[in-house]
Amino acid sequence: MTNGTIASTVPAHAGAVSAPAGRNAVFAAIDIGASSGRVMLGRVSSVSGVSLETTHRFPNGVVELDGGLRWDFDALFAEVLKGLAAAASVAATNGERIASIGIDTWAVDYGLVNDAGDLTSVPFSYRDERSRATVQRVHAAIPPERLYATTGLQFLQFNTLYQLAAEPTLDGLQALLIPDLIAFLLTGERRTEATNASTTGLFDAVAGEWAVEFLDALGLPRNLFPPLIQPGETVGTLLPGILELTGLPADTTVVAVGSHDTASAVAAVPAEDQDFAYISSGTWSLVGVELSRPVLSEASRQANFTNERGVDGTVRYLRNVGGLWLLSECQRAWAAEGYTQALTALLDSAAALPAGGPQINADDPSFTAPDNMPDRIRSAVRNTGAVLPDRPAAVVRCIMDSLAAGYARTLADAERLTGRATGVVHIVGGGSQNRLLCQLTADATGKPVIAGPVEATAQGNVLVQARAAGVVTGGLVELRELVAAGTDLVRYQSSRELVPQESGMS
């Protein structure tokens with residue numbers, strides 16, 4: 001995006017699927033988060049919107065290997081192939097044809113590939129501590145003010161550039177971000193999708209290109225990353241070996257989508273106008289607004305907001321806030337101790353507790369690593385001078401109150417820094433099912449909250465593919481209308497009452 005405008009249709013240079021996909025076309029979405037993944041079949045109708053069918057679901061997580069926290073990538077890719085094979089079988093049974101495959105995952109992490117196409121080591125997880133020691137060295141080469149003025153990226157110690165600075169050598173290697181690495185193994189084509197490139201700290205937020213001067217300043221090869229590709233462009237067709245393993249037809253393509261999962265999720269926010277805020281609520285919470293141009297001011301840097309690329313050249317102006325990782329890690333710890341109360345009952349117990357209890361800074365780096373989460377939360381509360389009871393319900397209420405308060409602070413900052421008021425908050429992703437969190441967010445922000453869809457990331461993934469195939473047309477407005485048409489949305493008013501009302505938007 002060089003002219004600061006939002007494209008109303010798929011970019012003119014996008015390499016779409018060669019012909020309209022036809023009446024029986026379906027789309028495969030590979031959607032992988034930090035704790036789980038799935039392969040889904042998406043069907044798109046101008047009347048009923050987007051429908052999704054999960055063909056394979058699998059766990060994902062970090063493992064301790066070679067002295068660090070890494071992703072078990074071989075296992076992950078094997079599960080992707082299982083999912084594609086299952087999707088091919090379901091489509092064939094229904095007399096459907098998979099027109100293309102789209103891939104989205106979490107951001108910043110990568111694998112290093114040599115000239116022969118071999119993955120040289122198991123990819124590190126952003127939760128590993130190795131990049132902490134490189135921050136000062138990177139900032140000595142490129143001052144933080146200069147970094148932000150070009151990239152507009154929120155400082156997080158695990159951003160890609162800090163991780164790359166920890167690598168012992170990069171000679172003869174290319175870095176492929178995780179969704180690009182999966183696409184490479186499927187097609188043999190090396191590309192870097194732009195929405196994920198924008199999370200590396202090496203991407204020019206205005207020019208929409210690699211910030212070559214930063215690669216030079218850090219002593220990184222200029223060809224470290226493959227060429228950029230935009231959502232809607234075709235990466236390539238499946239390799240013969242992949243066709244054999246999955247049973248997919250020979251002309252199946254991989255199409256670039258918003259490969260940063262938040263980019264796909266925001267593309268599927270069912271907003272009626274542009275004056276909305278969003279919270280993509282999952283392992284992390286991504287809280288922000290959608291803009292036509294980045295905000296690169298010093299005040300924005302001091303507030304630690306990020307400017308990440310969205311679908312159709314938009315800017316996702318947001319801040320990472322702690323997420324439901326806190327809750328899932330607590331559940332894991334409690335299960336190990338023999339406490340297995342269902343999540344719905346646990347949330348109900350937390351909702352019954354009085355308001356005004358202790359809170360923590362949910363996005364403090366001390367909560368990034370796994371293990372002992374309930375103890376760490378209680379310790380953080382003690383550091384504020386308060387006391388948190390040992391009961392799981394009290395810990396859960398502390399998490400929910402802290403997240404809602406963090407959302408409210410972040411949205412207030414976004415409005416101040418952009419000069420734009422928002423009228424409604426859309427919560428998408430797993431957190432949209434959490435009635436307590438949605439209600440507390442409405443109370444904390446003083447704005448109505450629209451919850452849903454749960455599978456916003458997969459829907460955004462599928463819609464970009466469908467548009468590339470000519471099944472649907474238009475810009476984000478039209479895509480979001482399709483999402484709203486097929487989703488039962490729930491509206492939460494700002495009040496102490498925990499009973500939501502149907503929004504009437506579905």
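What does the accessible surface of the chain come to, and what percentage of that surface belongs to carbon and sulfur atoms? The accessible surface is about 19200 Å², and carbon and sulfur atoms hold 50% of it; areas follow the Shrake-Rupley method with a 1.4 Å probe, and for residues only the protein chains shown count as cover.

The model is predicted: local features need pLDDT of at least 70, side-chain atom pairs count only at pLDDT 80 or more, and totals for chains, interfaces and linings use all residues. Residues are numbered from 1 along each chain as its sequence is written, and side-chain values use heavy atoms, with hydrogens and water left out.

| Property of the chain | Value |
|---|---|
| Buried residues (under 20% relative accessible area, 1.4 Å probe, protein chains only) | 60% of 506 residues |
| Contacts (heavy atoms within 4.5 Å) joining residues at least 24 apart, among those at least 6 apart in sequence | 73% |

The radius of gyration, taken over C-alpha atoms, is 22 Å.

The chain carries 35 positive (Lys and Arg) and 53 negative (Asp and Glu) side chains, with His and the chain ends not counted. The centres of the two sets lie 4 Å apart, each charge being placed at NZ of Lys, CZ of Arg, CG of Asp or CD of Glu.

Ser131 is found in the loop between strand E7 (110–114) and helix H2 (135–141). Ser131 counts as buried because its relative accessibility is 1%. Leaving aside residues up to four places away in sequence, Ser131 touches Gln157, Phe158, Tyr162 and Gln163.

Key: Helices (H or I, at least four residues) and strands (E, at least two) are DSSP runs, numbered from the N terminus. Buried means under 20% relative accessible area, exposed over 50%, partly exposed in between (1.4 Å probe, protein chains only). The radius of gyration is taken over C-alpha atoms; the globule rule is 2.2 Å times the number of residues to the power 0.38.
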